[in-house]
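Here are my notes on the model you asked about. Have the structure open while you read.

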Amino acid sequence: MNMDDCNGLAGKEIPQSNSDSAKLDGMCECILCACCSSSCPSYWWNSESYLGPAALLHASQALSHSLCSLHHHN
């Protein structure tokens, strides 16, 4: 999903509320490089079904991001 295209908001500043920002705390430090997958025993044993911690974090970020929630509700 392209965050710049969410609901035609490209180039417009949409400030986040403190509560929306708090939902992303701890998620923004990850650069989604997926290096953590090589250290994850669950991924080692079940890589066909388990996509790894980076994939879960990416999905969680998309679901928690307030701009994307605007996109999904319209």
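This is a predicted model: local features need pLDDT of at least 70, side-chain atom pairs count only at pLDDT 80 or more; totals for chains, interfaces and linings use all residues.

The points below go from the overall picture to single residues.

1. Confidence is highest in helix 2, at a mean of 90, and lowest in helix 4 (residues 66–73), at 53. Over residues 70–74 the pLDDT stays under 50, and the model has six contacts beyond four places in sequence for that stretch. I'd read that end of the chain with this in mind.

2. Now the overall layout. The chain has four helices and zero strands, so reading along the sequence you get α-α-α-α. Of its 74 residues, 20% count as buried. The accessible surface comes to about 5500 Å², and carbon and sulfur atoms account for 56% of that.

3. What about contacts across the sequence? Take the contacts between residues at least 6 apart in sequence: 59% of them join residues at least 24 apart.

4. Helix 3 is worth a look on screen. It covers residues 53–64, twelve in number. From its first C-alpha to its last it reaches 16 Å, close to the 16 Å expected at 1.5 Å a residue. Which of its residues are buried? In helix 3 they are A54, L57 and Q61. These cover an arc of only 60° around the axis, which puts them on the same side of helix 3. The general rule behind this is that an α-helix has 3.6 residues a turn, so residues three or four places apart point the same way.

5. Next, the loop between helix 1 (18–23) and helix 2 (41–45), where C36 sits. Leaving aside neighbours within four places in sequence, C36 is in contact with P53 and A54, and A54 is one of the buried residues of helix 3. C36 and G52 are 16 residues apart in sequence, yet their C-alpha atoms are 7.8 Å apart in space.

6. S37 is in the loop between helix 1 and helix 2 as well. S37 counts as buried because its relative accessibility is 8%, and the cut-off for buried is under 20%. Not counting residues up to four places away in sequence, S37 touches Y43, W44, L51, G52 and P53. P53 is also in contact with C36.

7. A34 deserves a check of its backbone. Its phi is positive, about 70°, although A34 is not a glycine. A34 lies in the loop between helix 1 and helix 2, and at 36% relative accessibility A34 counts as partly exposed.

8. Last, the aromatics. How many aromatic pairs does a search of the whole structure find? The search finds one. The rings of W44 and W45 have their centres 6.0 Å apart and their planes at 90°, so the pair is edge-to-face. W44 is partly exposed, with a relative accessible area of 48%, whereas W45 counts as exposed, at 73% relative accessibility. The cut-off for exposed is over 50%, which is why W44 and W45 get separate labels. W44 is also among the residues that S37 touches.

Note on methods
Residues are numbered from 1 along each chain as its sequence is written. Side-chain values use heavy atoms; hydrogens and water are left out. Helices (H or I, at least four residues) and strands (E, at least two) are DSSP runs, numbered from the N terminus. Buried means under 20% relative accessible area, exposed over 50%, partly exposed in between (1.4 Å probe, protein chains only). Contact means heavy atoms within 4.5 Å. Accessible areas come from the Shrake-Rupley method with a 1.4 Å probe; for residues, only the protein chains shown count as cover. The expected span of a helix is 1.5 Å times one less than its number of residues. The arc is that of the directions from the helix axis to the C-beta atoms. Rings of Phe, Tyr and Trp (its six-membered ring) pair if their centres lie within 6.5 Å; planes under 30 degrees apart count as stacked, over 60 as edge-to-face and the rest as tilted. pLDDT is the predictor's confidence in each residue, from 0 to 100.
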